[in-house]
Amino acid sequence: MSTTAGGRAIPHAREVPAIERHQRYTLETEWHGRDNGIGALRLLLALAVVFDHAGSLGFGWEDLGTTVFHGQTNIGTLAVYGFFVISGLLITRSARRTGVVRFAWHRALRILPGLWVCLLVTAFVVAPLVALYERGTLAGFWGGPKGPMQYVTGNWFTGVRQYGIHDLLADTPWGRQIGGTSVFDGALWSLIYETTCYAAVAVLAVTAVLRRARWLVPALAGVLFGFVVADQLRGWIPTGPPSEYYSAVVLPLLGTVSVQWLIHLGALFLMGATIELYRERVPISDELAAVCTVALAASLLLGGFFVAGFPALAYLLVWAAVRMPRRLRRIGATDDYSYGIYIYGFVVQQVLATLGVSAWGYAAYTSISLALTVALAAVSWHLVERRALTLKDLRLPDTSRRRRSPRHRAGSVAPRSSGGR
């Protein structure tokens with residue numbers, strides 16, 4: 001025991017009851033503002049997508065991990081799953097501290113400017129060069145029902161209505177694999193689901209669920225996860241992709257959405273949101289992380305990934321963000337290339353494939369595609385994305401003002417956070 005100046009006894013740290021020591025190590029206590037590994041994790045996930053696509057886009061091989069994971073998933077899709085968990089946590093945090101108008105503004109600034117420039121570059125720089133290489137002329141390129149202008153206008157709001165431009169890139173390994181179809185940027189497919197999740201969070205914020213009925217979020221996550229489990233257990237087959245029992249729906253502005261992907265990605269997003277909303281109860285435990293690592297590995301290698309692997313992956317990402325070595329926490333803290341890598345990687349690899357770079361071998365093709373993708377992502381960040389984000393504090397109608405109780409009016413301190421993408 002030790003005593004204060006007034007003589008009051010205070011126990012030493014080792015004398016604090018075990019439950020109190022445990023409560024200290026939660027996400028609430030261990031997550032310190034921007035001092036976390038989220039930037040490094042997002043960069044790793046984005047690079048994993050590019051690395052995974054190297055085999056399929058350059059050589060027509062199956063995606064990395066498909067056979068090892070018994071067809072349940074692959075490295076690239078696993079990375080997308082990780083993005084949605086992280087996004088659920090960060091986007092929910094953003095929605096809780098801003099009004100819905102500013103929330104929507106922030107999300108639009110983070111996603112749309114980079115996407116628009118990528119579409120313009122693809123349609124009016126990359127595609128004409130590909131046309132000259134493949135056809136030797138630009139005759140008929142600018143018009144037609146699947147021309148460059150239609151590519152931009154059809155995909156401007158994250159939903160992809162046109163993947164290709166004319167019949168360009170149809171003779172690449174990927175084009176031949178899908179029946180001679182033109183595809184410039186297949187990686188854009190997931191943006192429609194992310195935008196849908198943003199809209200869902202906005203609804204939860206407007207209806208005050210995030211402040212007054214947070215229990216509804218894990219309840220919704222549980223409902224969606226129940227569908228995920230049912231998808232895998234139909235027919236009692238623990239391996240292979242989940243069976244398709246849902247049709248697609250058409251959403252305003254966004255276009256066609258797969259209900260099954262919406263359920264699976266929505267479940268992961270809401271898992272991340274639940275972790276954020278109950279951060280004071282989420283333990284940061286190395287022992288629990290070890291258990292989740294075993295569960296994730298076993299589910300991938302033996303089966304049952306969608307049942308055991310989803311929650312294990314969600315916890316591991318949050319744990320890794322907190323436990324990330326201090327040097328690695330600097331990655332992405334000021335310069336976030338992950339989004340640019342994700343949206344430009346597919347385009348780069350398709351162009352390299354049609355140029356015949358894959359003939360130089362897998363190592364050369366992958367290295368060149370990674371280098372060019374990171375370079376484009378850096379340009380996108382410094383010239384487009386970061387400049388767009390300088391408009392975050394633009395004066396907007398403040399819908400976040402609400403009557404506060406007296407205990408919140410003075411001396412209150414807003415929780416520090418890393419913010420959204």
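User: What should I know about the model before I start?

Analyst: It is predicted: local features need pLDDT of at least 70, side-chain atom pairs count only at pLDDT 80 or more, and totals for chains, interfaces and linings use all residues. Residues are numbered from 1 along each chain as its sequence is written, and side-chain values use heavy atoms, leaving out hydrogens and water.

User: How many residues line the second largest pocket, and which lie nearest its centre?

Analyst: On a 1 Å grid over the protein atoms alone, a pocket is an open set of points where a 1.4 Å probe fits, with protein on both sides within 12 Å along at least five of seven lines; lining residues have an atom within 4 Å of a point. Here 38 residues form the lining, with Asp-63, Thr-77, Trp-174, Trp-189 and Trp-261 nearest the centre.

User: Which helix gives the largest share of that lining?

Analyst: Helices are DSSP runs (H or I, at least four residues), numbered from the N terminus. The largest share, five residues, comes from α3, which spans 38-59.

User: How do the axes of α3 and α15 cross?

Analyst: Axes are lines fitted to C-alpha atoms over the stretch in contact, with angles from 0 to 180 degrees between N-to-C directions. Those of α3 and α15 (residues 362-389) come within 10 Å and cross at roughly 130°.

Technical notes:
Helices (H or I, at least four residues) and strands (E, at least two) are DSSP runs, numbered from the N terminus.
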